[in-house]
Structure formats: structure tokens, C-alpha cells
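Here are some notes to read beside the sequence and the structure. Please take the points in order.

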Amino acid sequence: MYAVAAVAAALLSSVSATTTCGAGNLCPEDLPCCSRDLVLGTGSYCVGTCDPRYSYSLDACAPSPICKNGSYTFDNLNDFAVSTDYLGDADNTDWVSSGYPMNTDDILLVTMPNGTTGTVIASSTYVWYGKVSVTMKSSRGSGVVTAFILFSDVQDEIDYEFVGYELDSVQSNYYFQGTLDYDNAATINLTDTFANWHTYEVDWTEDSLTWLIDGQTARVLYKKDTYNSTSQEYMFPQTPSRVQLSLWPGGLSSNSEGTIEWAGGLVDWNSADMQEYGYDYAMVKAVSVTCYNPPSHTNQTGTAYRYIDRNGTAESVIVTDDNTVLASDNDSGLNMSSGASSAVSSTTSTSSSSTSSSKTSSSSSSSSSTHSSKTSTSESSSALSSSSSSSSSSSS
């Protein structure tokens, strides 16, 4: 959750919208989608991170692409899309990214260049119960946080989080609809997460959640043990979620004192990795997704997941054959091919246009800076390739 909060803060800082959405503050019809960072809009705001609880209506968020079995390696980034450009076409995009993803020697580099807020990579499709495995190495250093999580549109979350000053352990955690409960966390000990390849797995069913490392069970959570008698609900992750990989500065000076302390202090922007490569990095060798059947209350086959109420539980979601792709950045689930609404006033159109310009500018800036980063760090990447190869040989 620290990762999600920091990513949301970073996204907020890059968007010039002045109006936010959230509990008790639903989106207006002209900007109907409430994104994860509580900024409202159309287009990319309506896919991938659209929270149906706070959007204008349940139909405002585009339906989410259904789970797809797959094994992913990273000899190139051709199946990646920039998050601000992505409009729901999961058939032609496997991963959606913001920040600075790179690859070298068939390895995905999740990087954090000097002075940046890092990189977030999310799957284009969702998982509604299944097994997800990631073979990876974490980053290192005080204040540097690596994460492999499953995250839903209503903020259910299943975590592996690596704080860079503790390389002999990983933190497992889970959340129900973003509710903070520090008792949910548990530390798992293992060998050096930066030097060694490990395979981290989440095995998620309707009744249980298992964290496994290198094929060995490290932690098990049972849904029956998460019942809250006050709210009379199970505080258990239960809604379709995207696979997310990230690297971010928990030790950013502008973060809260608690976050900085948890991350091990302020980021050292002059660390050995920064000096040698120009960025901190985590390495991902492979990702695998095995889909389980959806709950029995819904169709077992289809193309998309869709919410039918704002409760944000498993019973709120059904499987449909709905389209998931928006035609343009001005569209939403209300009208997926010709604008956010047919009832937009000229004033609203100006506001919407302004927001769209901001997103376009942000997208251009992101794409440009990503390309610039890749160009300027190509020499570093080659050096890292050599380092990676020798490290891989020694750790296997």
C-alpha cells in the first residue's frame, strides 16, 4: 500500500486537474471516470485504474479485459504501451507502463533514474483468482522500494514489497479496498534479493491466499480468518486485479515521515548504482499467469469483467462479452466511441479539452523522457548487461 500511495502521489503531481473524486464526491458526467489517484477524466482515466465506486456511474469505467493464461519474457518492449496512451486494447498490449522501463539480455529493467519517481508496469489484463509468478531481483539501497503486487480497481491488494536496505527479507501484505491494517503484514526471510534470482508467487483462490517463494509455501491466509464482525464482511482481496511491478523512492524527502522511516531513510541519489548506471534498478526475468475460474455467481466465459454495484466485493463483479476498447481519449464507458457524454456544454467541453491537453502533454513528456533516458543510458545498460550475466551465473 505504501507503493500504491506513493505512485498515486507521483501521478497527482504530473496532472494539472484541480478537481478530484472520492468517497462522497462522485465524478460529474463530463469527466465521469475516477482514477486510482482520485483524479477524474476520460480516456485512459477510464481503463486500468478506474474506480467504479467513485465514478459518475457504474458504466463510466470501461469493462476490464478478462484473465488470460500466459508466460512473458522480455527480449523487447514491443508489447508495452505508455499508460496515458492506453485505451483498453489488451489484444495488442501486454503491459502498460509509466516511467522508465528498459530491457537488456532478455531481462526487463524496472528503473528509477536520478531524481525521478521511478517506474510502474501493469498488466493489460486482469486476474480474478489464479496463480501469478514473477522471477526477479529487487533493487537495493536505503529509501528504494521494489514491489510485485496484484491491485484491483477498488483497491484490493496483494503484495510483495522489498525495501532496499533489508535484502535478506521481503514483506508480504494484503488489503481490502485500501483499508490500512498494519497487522496484515508479515516478513518472509530469504537469501539476498538483489544478488539472487528468486521466483515469487501468489496463489489466490476464493477461500485462500498463498505466498510462495521458489516453490515453497511462505505464508497462507484464509478468507474465513478475515471476517470483520463490525462491518460484517470479509476483509479479503476478492476483485479482479492487475499484475503490477514497480520501483519507487519511498525515501523521497517529500514523503511522510512514516513512509521514509519504513523505506529505510532518504534515497541516496549518489549510490554506487546511480554513479555507474544513472539509475537504481530491479530486474525481471519472467512472469507467468495461470487463470482460475471466476466465482459461480457469474458467467464462466466472456471477454471482460464489469461492476454491477458500488460495494466493491466479489458479488459486485460479473463476466460479460462487453467491448473493452475506447475509440479515443475523449471517450468513456458511457459512450465508448464518440465522447464522454452527449450532454457536454461548451464550458464543460473547454474543461475537458484542457484536461485532455494536460494528459497529452504528460504523455508526450513521459514518452520523450523515457526515450531520452533509454538513449542516454544505453552505455550504462550495456555495462549492466555484463554485470547481469555474471551475476546470473553466480546466483544460479
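This is a predicted model: local features need pLDDT of at least 70, side-chain atom pairs count only at pLDDT 80 or more; totals for chains, interfaces and linings use all residues.

1. In soluble globular proteins, nonpolar side chains tend to be buried together.

2. Which residues does Val 284 touch, leaving aside its neighbours within four places in sequence? Its contacts are Phe 74, Ile 107, Leu 108, Val 110, Val 134, Thr 135, Met 136, Trp 197 and Leu 245.

3. Most residues other than glycine have a negative phi. Leu 38 has a positive phi, near 65°. Leu 38 sits in the loop between strand 1 (33–34) and strand 2 (40–41). Its relative accessibility is 32%, so Leu 38 counts as partly exposed.

4. Tyr 129 is not a glycine either, yet its phi is positive, about 80°. The loop that holds Tyr 129 runs between strand 9 (119–127) and strand 10 (130–137). Is Tyr 129 buried or exposed? Tyr 129 counts as buried because its relative accessibility is 2%, and the cut-off for buried is under 20%.

5. Gln 155 lies in the loop between strand 11 (144–152) and strand 12 (157–163). With a relative accessible area of 16%, Gln 155 is buried. Apart from its neighbours within four places in sequence, Gln 155 contacts Arg 36, Asp 51, Arg 53, Tyr 175, Phe 176, Gln 177 and Gly 178.

Technical notes
Residues are numbered from 1 along each chain as its sequence is written. Side-chain values use heavy atoms; hydrogens and water are left out. Helices (H or I, at least four residues) and strands (E, at least two) are DSSP runs, numbered from the N terminus. Buried means under 20% relative accessible area, exposed over 50%, partly exposed in between (1.4 Å probe, protein chains only). Contact means heavy atoms within 4.5 Å.
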